[in-house]
Structures are given as structure tokens and as C-alpha cells.
Amino acid sequence: MARRLIRQGQLTITFPDGETRIYGQGEPRAAMQIRTDAPLKALCIEPELTLGEGYMDGSIEIGGNEELEALLTVLLANRRPDALPAYVRAIDQFRFHARAWIQRNSSRSAKANVAHHYDISDDLYRLMLDEDMQYSCAYFRDPSMTLEEAQTAKKHHIAAKLMIEPGMRVLDIGCGWGGMALTLARDYGAQVTGVTLSENQLATAQVRAAKAGLSDKITFRLMDYRDLSERFDRIVSVGMLEHVGLPHYGDYFGKVADLLDPDGIALIHTIGRVSPPMSHSPWIHKYIFPGGYVPSLSELLPALERSGLWQSDIEVWRMHYALTLREWRKRFDANLDTVREWYDDRFIRMWRYYLTACIMGFEQQEQCVYHLQLAHKRDVVPLTRDYLYQEDAAQRHAAE
């Protein structure tokens, strides 16, 4: 299969009996060692799942971050419809057409899916994330920004799009550890309601609000967004739409429309694809984000159009998440001694594979971040984006 697959670049494979074979030629170059016979047949049937699992359990040896990136670069460069046998393509097609069934997220399953990833340990995320624990794409207005600076820029960019004024009622759907809510309450005077399905995140967010003296301005709730009923002046949702699932986009945008005041503004920040839809990653689905999915814009727009909301702006962020993920991985690796006190080598390899595969998704594939600014009225936001950059322009003018 490797001989048929590799047409661009070169892949060197060392097999369990010590034999080494080289497939393809030229750049990029990568190598892997298969230590046991167990992955050989499985690679021919479920290559993506087996590669990730083999790396996790050590039956496939790839090396460090650079070697893993090189391997994934070669494999992604050769990803094309005719690269894999018909039976592998059939499995992928079945997974693609079954994605609506696979991604059904009831209130119970949605909570279980969230707990699988977000309730493992706040301490792990504290080692990896910025001080505000923003677990979503940062906004690198300058590539030299620190992660803290870029995450702060992200929050204020979103706040500018929401045009928040003191006293406004703001809903944060999927509020995480509370960083966005804290920023909107502290810096913009908003009254914020944050909802999450993660018990760990809820507890941490409540403690943070109390320590900041903002408990009178922020309310955090452990609840499904679908159970909300009150109206809000503004709605923000960062990194949550990826967990909604294909069958529920109508529920999601319909609920946003119902909860948003007639003069309100909503900002949805989500990972997306700039190409046609494809099947979800079986490895990511099994080990990292069960029930999760990265949608193409074509999958979101029908539900968004039926909601009756205006698409007042759609912004596309291209390389920002790759830069963010590289910072997370750097911090994860810098704290490996501490991580090893909590987790075994299999978890560490799983987490490194997750971060590296996601980096490749934004650097080598068609993944991006969408900002969907939504409103009931066409004229509730200015007609151009100038309002987002007036402060930057004033600062540049003052420096001249």
C-alpha cells in the first residue's frame, strides 16, 4: 500500500524483521519503524486510526515532534482519492455518510463527551495554556506576539465585534474556564451568563470570578445551552460549535436566534473547513473529541439561513491556530517532567500526537477558524470593519 500511496516525497519504513524499504523519492522525507506485526494488517484497513494508536502504544516508532511532523507532512501530501485501496475508501465513505448518526449529541451524551476531554485535569491545561486558560485559537496580529498577548488580542477583537456597552446582558455558550466572561465583565462592564457542561470548568470559573470580585457580574451554570430560555443583548460562543454535531446545527442556530435580543449581536468562533465536507478523523473521535466535528461552511449555512439571522460578517483566520497549537505543544514539552508525575507514556504520546496532528491540519490541510457575526437586523453593526481597528489607527497616529 505504501508504494501506491507515496508519489510525492519519500517514506522509509523499517519492519519488525529489520527489513527497511524506501518508497518514493525527493522531499519531504520521513521515516517510521513498525516494531511488532500487530499494526501491519490494521494499517491496510484503518490507516489513520492505526497510525495514531501505534504511536500511542509504541508499536510504531516515529521519533520526536520534528519526525512526527515530517511523517504527517508526507502522508498528507499524498492524500488523494486514488491513493488507498477501494475497501479503505469504502470505509471512509461509510464514515462520511454516517456522520450525522455518529455525531448525534443528546444532552446526556454531550455532557459525557465534554467530560471525556475537559474534565481530565485542570492542572494539565494550566501547564499548556496561557494564564487566562484560553483553550481556543489566539489572534496573532503580529507573529512575534507571546501566547498571552495573542489570547488577549483575541478576546478584545471579539468584544469589539460584539460592540458591548456597560450593563449589557451577555451569554457565553461553552464558557470554558471563564476567561472570556471575566474579560467582558471586568473590561467592558457586561453582565455575563456562562454555560458549560464541564464540572471542572464550572468550578474553576466560579472560583476565578469570586477571586476577581466579579461574582455580582458573572453567573456560571452547569447546563446545556438548549435548556436556556431568557433573552440576551449579546451572545458569544468560542470553540463550542465544533462539539454541536452535524444533526444539531439547526438546533444551535435556532437557539441563538431565539435567545438573541432583536437589536442584539452574536459572535460564533469555530474551527471550520474551507473545502467540501469530509469524514471526521476516527482517531480524534475515539481518543480526543468524541462527538466532535470540524464543519465546512456549506454544512453550516443551510441551518444558519433557516435561523433568519443576518450574516453581518464572516471573517476567516488562516494560520492563527497553527501558531497557537505550536505554543501549546512547546509548553507541554517544557513541562514533561511534571506531566509524567500525572500520566503514563501512552497518554503523553497521545497528547503529543493530538497537538501535532492538529498543527498539520492548519498548516497542511484546509482547516481555518471562522468568525460568524450574526444579528437579527442588517444595520445593527457598522457597514464596514473600520470600527474594529479605530483604536489601532489612533495608536499608530499617536506614535508618528
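Predicted model: local features only at pLDDT ≥ 70, side-chain atom pairs only at ≥ 80, totals over all residues.
Residues are numbered from 1 along each chain as its sequence is written. Local features need pLDDT of at least 70, side-chain atom pairs count only at pLDDT 80 or more, totals for chains, interfaces and linings use all residues, and side-chain values use heavy atoms, without hydrogens and water.

**Exercise 1.** Determine whether Thr204 is buried or exposed, and list its contacts.

*Solution.* Step 1: Thr204 belongs to helix H11 (residues 199-211); helices (H or I, at least four residues) and strands (E, at least two) are DSSP runs, numbered from the N terminus. Step 2: Thr204 is buried because its relative accessibility is 10%; buried means under 20% relative accessible area, exposed over 50%, partly exposed in between (1.4 Å probe, protein chains only). Step 3: Apart from neighbours within four places in sequence, Thr204 contacts (heavy atoms within 4.5 Å) Asp122, Arg126 and Trp177.

**Exercise 2.** Identify what the buried residues of H12 pack against.

*Solution.* Step 1: The buried residues of helix H12 (residues 249-259) include Tyr252, Phe253 and Val256. Step 2: Packed against the buried residues of H12 are strands S5 (169-173), S8 (232-238), S9 (260-273) and S11 (367-375), together with helix H14 (297-306).

**Exercise 3.** Describe the sheet that contains S1 and S3.

*Solution.* Step 1: Four strands, in the order S2-S1-S3-S4, form an open sheet with mixed pairing; two strands pair if DSSP finds at least two bridges between them. Step 2: Strand S2 (20-25) and strand S4 (60-61) are the edge strands, each pairing on one side only. Step 3: S1 (residues 9-14) and S3 (residues 29-34) run parallel, joined by five bridges. Step 4: Thr12 has Ala31 as its bridge partner in S3.
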